[in-house]
Amino acid sequence: MNTAPIPKRRLVFSNSGSKRKTSLTQIVSFIALIITTFIMLLPLFFMVSTSLKSKREMLKFPPTFLPESWQWSNYSEIFDTLQFGTLYKNSLIIGIVTVIGTLISSALAAYGFSRYKGKGNQLWFMLLLATMMLPYPAIMIPQFIFFSKLNWIDTFLPLIVPAFFGSAYNIFLLRQFFSTLPEELFDAGRIDGCGELRMWYKIALPLSGPALATVAIFAFIYSWNDLLAPVLYLSSTEHFTLPVGMASLTSSRFRIPPWHLLMVASVLAMVPIVTLFAVAQKQFVEGIVLTGIK
C-alpha cells in the first residue's frame, strides 16, 4: 500500500487587486492635479494673452482666447505711457534696501529672543507678537505726522527706514529657526573667544540660509506690491513706484482704461518675484518646513 505523504498546498495571496487599486488612485490623482493646475494657470495665461491684444480686440465680446494679431509693440508702448523704467527702478531700489534692512534687524532681534532666556523674555516676545494685531490704518496717521515732522514726505525714507526696526512676523519666523540650533555650537564659540555679535554673524547666520531666504522673499514681495504707503508718502511722479503707476492706468485721465497696457505692466511686474522664487525655491521651501516643524 502506497503511503507517500500528500504534498502540502502553499497558499499564495495575490496582491494584483491592491496594485490595480493603487494604480487607479494614482491616475485619478494625476488627472485631478492636471485639472487643478490648468484652472490655476488660466488667469495667468489670459493675462499674458490680453497683454498682446490690440485695444479694439480687448473690448470685443465675447473675448477671444488668443490674440487675432499679436501686438508686441504693447511692451514698448508701456514705457512711453507710464515712464515704466523709472517706476521699475524705484520699486527695485525700495525693495532691495527693504530686504537688507529687514534681514539685519529681524535677525538680530530674533537671535536675542532665541538665545537669551532671562527674566521677562517671554513677556517681551508676547508683546512683540501682539503688535501683529494692530491694523496699519490704526498707526497710519501717527506715522505720517512723525515722518512729516522729519521732512521725509515725498522721499523713499518712510518706505525704507521702518524695515531697519524689525518686523514681528519675521522676528517670530527667525526666532523659531534660531531656537533649533544646538547650544554646543555657541559654547564652542565662547571658548574660542567669540563675542555674541560675532557668534551671530559667524555661527547663526550661515546656518540659517533657508529661514533668511524665506524672510527675504516675504519682505521683497510685500514691498514690491505695496500701494498704500507709496500713495501716502510720495507725491512726485519721479518717485512713484510700480503699483502707483499701474493704479494710475485706471484713473479718470483715461476715458477707457487701457487694460491691455495694464496686463503688460502686470506681466513685467511678475518677473522679479518669479525670478527670486525660482532662485531661492529650495531654501524657501526648506525654511517653511523647518520653522513649521519647530
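**A guided reading of the chain**

Of the 294 residues in the chain, 36% are buried, where buried means under 20% relative accessible area, exposed means over 50%, and partly exposed lies in between (1.4 Å probe, protein chains only). This is a predicted model, in which local features need pLDDT of at least 70 and side-chain atom pairs count only at pLDDT 80 or more, while totals for chains, interfaces and linings use all residues. Residues are numbered from 1 along each chain as its sequence is written, and side-chain values use heavy atoms, with hydrogens and water left out.

The chain has 15 helices and zero strands; helices (H or I, at least four residues) and strands (E, at least two) are DSSP runs, numbered from the N terminus. Among contacts between residues at least 6 apart in sequence, 72% join residues at least 24 apart, a contact being heavy atoms within 4.5 Å. The accessible surface of the chain comes to about 18,600 Å², of which 70% belongs to carbon and sulfur atoms; accessible areas come from the Shrake-Rupley method with a 1.4 Å probe, and for residues only the protein chains shown count as cover.

Part of that surface is a nonpolar patch of about 1,200 Å², whose members include Ile-27, Phe-38, Phe-46, Phe-65, Trp-70 and Trp-72. Patches are made of residues with over 30% relative accessible area and no salt bridge, like charges being joined within 9 Å and nonpolar side chains (Val, Leu, Ile, Met, Phe, Trp, Tyr) within 5 Å. Trp-70 is placed in the loop between α2 (55–58) and α3 (74–82), and it counts as partly exposed because its relative accessibility is 46%.

Helix α1 (residues 16–51) contains Ser-51, which counts as buried because its relative accessibility is 0%. Leaving aside neighbours within four places in sequence, Ser-51 is in contact with residues including Gln-71, Asn-74, His-260 and Val-267. The side chains of Ser-51 and Tyr-75 are also joined by a polar contact of 2.9 Å, meaning a pair of N or O atoms within 3.5 Å, where within protein one must be able to donate a hydrogen and the other to accept it, and residues adjacent in sequence count only if both atoms are side-chain atoms.

Helix α11 (residues 209–225) has 17 residues, which at 1.5 Å a residue should span 24 Å, and this agrees with end C-alpha atoms that are 24 Å apart; the expected span is 1.5 Å times one less than the number of residues. Twelve of the 17 residues of α11 are buried, so this helix is largely enclosed by the rest of the structure. Among the buried residues of α11 are Pro-210, Leu-212, Ile-217, Phe-220 and Trp-224.

The loop between α6 (136–149) and α7 (157–160) holds Asn-151, a residue with a positive phi of about 60° although it is not a glycine. Asp-154, in the loop between α6 and α7, has a positive phi of about 65° and is likewise not a glycine. Asn-151 counts as exposed because its relative accessibility is 66%, whereas Asp-154, at 16%, counts as buried. Phe-156, found in the loop between α6 and α7, is buried, with a relative accessible area of 18%, and touches Asn-90, Ile-94, Leu-234 and His-239, not counting residues up to four places away in sequence.

The charged pairs come last. Side chains of opposite charge can pair when their charged atoms come close. The structure holds four salt bridges, each defined as a side-chain nitrogen of Lys or Arg within 4 Å of a carboxyl oxygen of Asp or Glu. In one of them, Arg-115 pairs with Glu-183, the closest N and O atoms being 2.3 Å apart. This pair links distant parts of the chain, with Arg-115 in helix α4 (residues 84–115) and Glu-183 in helix α9 (residues 183–191), 68 residues apart. Arg-115 is buried, with a relative accessible area of 13%, whereas Glu-183, at 34% relative accessibility, counts as partly exposed. Asp-187 forms a salt bridge with Arg-190 at 3.0 Å between the closest N and O atoms; both lie in helix α9, three residues apart, about one turn of the helix. Arg-190 also meets Glu-196 in a salt bridge (3.4 Å, N to O), and a network of salt bridges links Arg-115, Glu-183, Asp-187, Arg-190 and Glu-196.
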